[in-house]
Amino acid sequence: LDKVSGGLKTAGQNMRSVGTQLSIGVTAPLALIGRQATKTFGEFNKEISRAGAFVNATSEEMKGFEKAAIDAAKGTHFSIVQVAEALGSFVGGEISAQEATDELGNVIDLALVAKMNNLHEVANLAGTALTVFAREEIGVTDVTDALATVASNVTTETERFAVAFSETAGAARAAGFSFKDNIVLMSQLVAGGANVNFIASAMNRAFVKVQEGGKQMTEMLATVGMTTKEMQ
C-alpha cells in the first residue's frame, strides 16, 4: 500500500507538473479567446436588442431573432455580429418580427449570390423590395432570383446594380412600374452600355417624367369631363 500510494503521489506530482507547463503555453491564448468571445456575444446581444427595439419584439420574438441570426451565419464568412447588424437594418417599418425571422436566412443567401459583403446594403435592398412592392407579395427569394439572373446576363458589378435598384424602387412604384419592370429596365440599360453608376439618377428622372405625363393627361381629360380610368 505504501508503494502504491507513493506511486500515486509521484504520478499526481507529474500530472501537476505537466498541467503547469501546459498552462504556461495555453492560459494566455485561452484567456484572450475568452475575452474575444465575451466581446463578440456582447456585441451580438446589443445588435439583437437594437433589432428588437424597432418592432417592440416580445421575449419569444427576441429568441427567434437570436436563433435566426446564428443559423444564418453558419457556413458563411459572415460573423454572427454582422448578421445581427443586418437584422437590425432589415427589420422595422412594414417588416414584422416574424417576417424578419423567416426571411433573414434568405437575406444572407442574397448577399452570397450577389457577392456583396456589405450586409447593411443587402438588408436595405431586401427591405426596400419587400416594402415598396408589398402589393406584389414578393419575397427575398424573388429578389435573389432576379439578381442572380442579372449577374449572369449583365456584365456589371451586381453590388452597384443592387444599390441602384434600392435608390429607384420608390420612384418606379410611384410611376406604376412593378418589381419585375424595374429589374428588367435596369438590366436592359446596363446591357445596352449604360454606366451603372449613373443609372439610378437617370431612371429616377425618367420616372418623374412619366408621372408628370400622367398628371398632364389627367388634367387634359378633366377639361372635357373625363378621367384616366374611363380612358382605360
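1. In this predicted model, helix α7 (residues 158-174) packs against helix α8 (residues 179-191) at an angle of about 130 degrees, and their axes are 10 Å apart. Helices here are DSSP runs of H or I with at least four residues, strands are runs of E with at least two, and both are numbered from the N terminus. Axes are lines fitted to C-alpha atoms, for helices over the stretch in contact, and angles run from 0 to 180 degrees between N-to-C directions. The angle makes α7 oblique to α8; angles under 35 degrees count as roughly parallel, over 145 as roughly antiparallel, 65 to 115 as roughly perpendicular and the rest as oblique.

2. The crossing of α7 past α8 is right-handed. A crossing is right-handed if the near helix is turned clockwise from the far one by less than a right angle, and left-handed if anticlockwise. On the α7 side, the contact (heavy atoms within 4.5 Å) is made by Phe161, Ala164, Phe165, Thr168, Ala169 and Ala172. On the α8 side, Phe179, Asn182, Ile183, Met186, Ser187 and Val190 take part. By class, nine of these residues are nonpolar, three are polar and none is charged. In this scheme Ala, Val, Leu, Ile, Met, Phe, Trp, Tyr, Cys and Pro count as nonpolar, Asp, Glu, Lys and Arg as charged, and the others, Gly among them, as polar.

3. The passage of α4 across α5 is right-handed. Glu99, Val107, Ile108, Leu110 and Ala111 of α4 meet Leu119, Val122, Ala123, Leu125, Ala126 and Leu130 of α5. This contact of α4 with α5 consists of ten nonpolar residues, no polar residue and one charged residue.

4. Thr144 belongs to helix α6. Is Thr144 buried or exposed? Thr144 is buried, with a relative accessible area of 10%; buried means under 20%, exposed over 50%, and partly exposed in between (1.4 Å probe, protein chains only). Leaving aside residues up to four places away in sequence, Thr144 touches Asn106, Leu110 and Val113. Leu110 also takes part in the contact of α4 with α5.

5. Two residues of helix α9 (residues 196-223) deserve a comment, and Ala206 is one of them. Ala206 is partly exposed, with a relative accessible area of 39%. Ala206 is 35 residues from Ala171 in sequence, and their C-alpha atoms are 9.2 Å apart. Lys209 also lies in helix α9 and is exposed, at a relative accessible area of 58%. Its C-alpha atom is separated by 8.9 Å from that of Ala175, 34 residues apart along the chain.

6. Most residues other than glycine have a negative phi. Asn56, in the loop between α1 (2-54) and α2, has a positive phi near 50 degrees. Asn56 is exposed, with a relative accessible area of 68%. Glu137, in the loop between α5 (119-132) and α6 (140-153), has a positive phi of about 55 degrees. Glu137 counts as exposed at 74% relative accessibility.

7. The overall architecture is as follows. The protein has ten helices and zero strands. Of its 232 residues, 33% are buried. Among contacts between residues at least 6 apart in sequence, 65% join residues at least 24 apart.

8. The protein averages a pLDDT of 78, and 74% of the residues score at least 70; pLDDT is the predictor's confidence in each residue, from 0 to 100. Confidence is highest in helix α2 (residues 59-73), at a mean of 94, and lowest in helix α10 (residues 228-231), at 51. Over residues 1-28 the pLDDT is below 50, and this stretch has one contact in the model beyond near neighbours in sequence. Where pLDDT is low, the predicted coordinates should not be read in detail.

9. Two remarks on method complete the note. Residues are numbered from 1 along each chain as its sequence is written, and side-chain values use heavy atoms, with hydrogens and water left out. Local features need pLDDT of at least 70 and side-chain atom pairs count only at pLDDT 80 or more, whereas totals for chains, interfaces and linings use all residues.
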